Amino acid sequence: MFPDRVVSGMRPTGLMHLGHYHGALKNWIRLQSELPCLFFVADWHALTTHYDDPAIIEKSTWDMVIDWLAAGIDPSQATIFIQSRVPEHAELHLLLSMATPLGWLERAPTYKDQIENLATRDLATYGFLGYPLLQAADVLIYRATQVPVGEDQVPHIEMMREIARRFNHLYGKEPGFEQKALAAVKKLGSKRARLYAELRTAYRQEGDDAALEQAQALLEEAGSLSNIDRERLFGYLEGSHKLILVEPQAKLTEASRLPGLDGRKMSKSYGNAVSLREEPASVTKKIRTMPTDPARVHRSDPGDPLKCPVWQLHEVYSDRNTQDWVMKGCASAGIGCLECKQPVVDAVLAEQEPMHERAQQYLDDPTLVRAIVADGCEKARRLAQETMRDVREAMGLSYW
Ligand code: TRP
Ligand code: SF4
């Protein structure tokens, strides 16, 4: 089988904020020390919705890379690159488009939603319809096994899996595959071989997904198999083909949701965001002017933290003691709202301080960032080219 690998991307459509940090980046930072990771700026994806605003994409791309580095993505551990600098993504997108049913794209829940939500933009474009397919190419080209994403992206990962499965089915024919697979079954040992055959039948004849998973687990554990045989047997479960592309899994971001300053989801378009490297004075002012429980008109009016967006920030930033202090002090009008906000101000500034520090060297010397990205693009490209060799060959395109 192919080794574990993590791939994820973000669209450069504006400044990153602390919601992105808590919702996604922290997860990336944790993963980078556990598994090989590739993180990229999805600039083509940004163009699918912002095709009429190219200036924002270039600026946001460089700001985004600096934000990642500032937050703690470490280029000596993770590979950082820009999607459009690895043109193989586009080639795979094109090739996958040949065999992708239109209905899969038209039915993607993000498709209709976004067309309605972003009514100010004309998204009835070919590029926007293909958004999830380009995303599939981004991941499949690295044979990634895991994709850290938010809940909203899960249908896209499901679609990637279907696309990979369909590709393997259509193009994974190998001369003599059946015999090679049967020989590999024997190498499992008689007990495992029997179980494998039963599970395969249960899946292929009755569509029993649990049987498929059980058989896959059996193969993962079978130490007696060579990698190539294991790959064949994975393919044999689903038909008579070998695996060229890998079906990735969604790795849901552990829920650490940071709401915006008004209690709604943090979003630049709601005007309730704190950007990742916002100046301390501005952060302080924003938090000090945040709305609170409307029942606290006067300092002497008691309040209820559960009706206050400041409390939601305490839930992310404060320890138990401070939270108790807020609960009691608010309900008894023992503390004022500005007093209550101060620990949040302190915690946010403390979180951002090392980010400002790390960012400074990159702001002072932009060539550092360029060098990191150039290096990442080169590494990513090498991996992408390996997969593309197999893909072209499978699709009858290796004439040279
Ligand atoms: N669609 C993703 C988002 O909006 C961004 C993205 C593009 C992506 N390509 C990807 C995420 C590949 C994961 C993997 O968040
Ligand atoms: Fe909100 Fe704190 Fe004021 Fe209570 S004391 S209303 S929790 S800011």
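Good morning. A search of the whole structure, which is a predicted model, finds zero disulfides. A disulfide is a covalent bond between the sulfur atoms of two cysteines. For cysteine 377, the closest cysteine sulfur belongs to cysteine 37 and lies 17 Å away, so the two are too far apart for a bond. The cut-off applied in the search is 2.5 Å between the sulfur atoms.

The surroundings of two cysteines may also be of interest. Cysteine 377 counts as buried because its relative accessibility is 8%. Cysteine 337 counts as partly exposed because its relative accessibility is 25%.

Let me turn to ligand 1. Which residues are closest to ligand 1? They are His45, Tyr131, Gln135, Asp138 and Gln153, within a surrounding set of 13 residues. By class, the shell around ligand 1 comprises six nonpolar, five polar and two charged residues.

Several elements contribute to this shell. Strand 1 (6–10), helix 8 (131–140) and strand 4 (146–149) each provide at least two residues. Helix 8 gives the most, with four residues.

I shall close with the polar side chains that approach nitrogen atoms of ligand 1. Tyrosine 131 places a polar side-chain atom 2.7 Å from a nitrogen atom of ligand 1. For glutamine 153, the distance from a polar side-chain atom to a ligand 1 nitrogen atom is 3.0 Å, and for glutamine 135 the corresponding value is 3.2 Å. Thank you.

How values were computed
Residues are numbered from 1 along each chain as its sequence is written. Chains are lettered from A and ligands numbered from 1 in the order in which they are written. This is a predicted model: local features need pLDDT of at least 70, side-chain atom pairs count only at pLDDT 80 or more; totals for chains, interfaces and linings use all residues. Side-chain values use heavy atoms; hydrogens and water are left out. Buried means under 20% relative accessible area, exposed over 50%, partly exposed in between (1.4 Å probe, protein chains only). A residue is near a molecule or strand if one of its heavy atoms lies within 4 Å of it. A polar contact is a pair of N or O atoms within 3.5 Å; within protein, one must be able to donate a hydrogen and the other to accept it, and residues adjacent in sequence count only if both atoms are side-chain atoms. Ala, Val, Leu, Ile, Met, Phe, Trp, Tyr, Cys and Pro count as nonpolar, Asp, Glu, Lys and Arg as charged, and the others, Gly among them, as polar.
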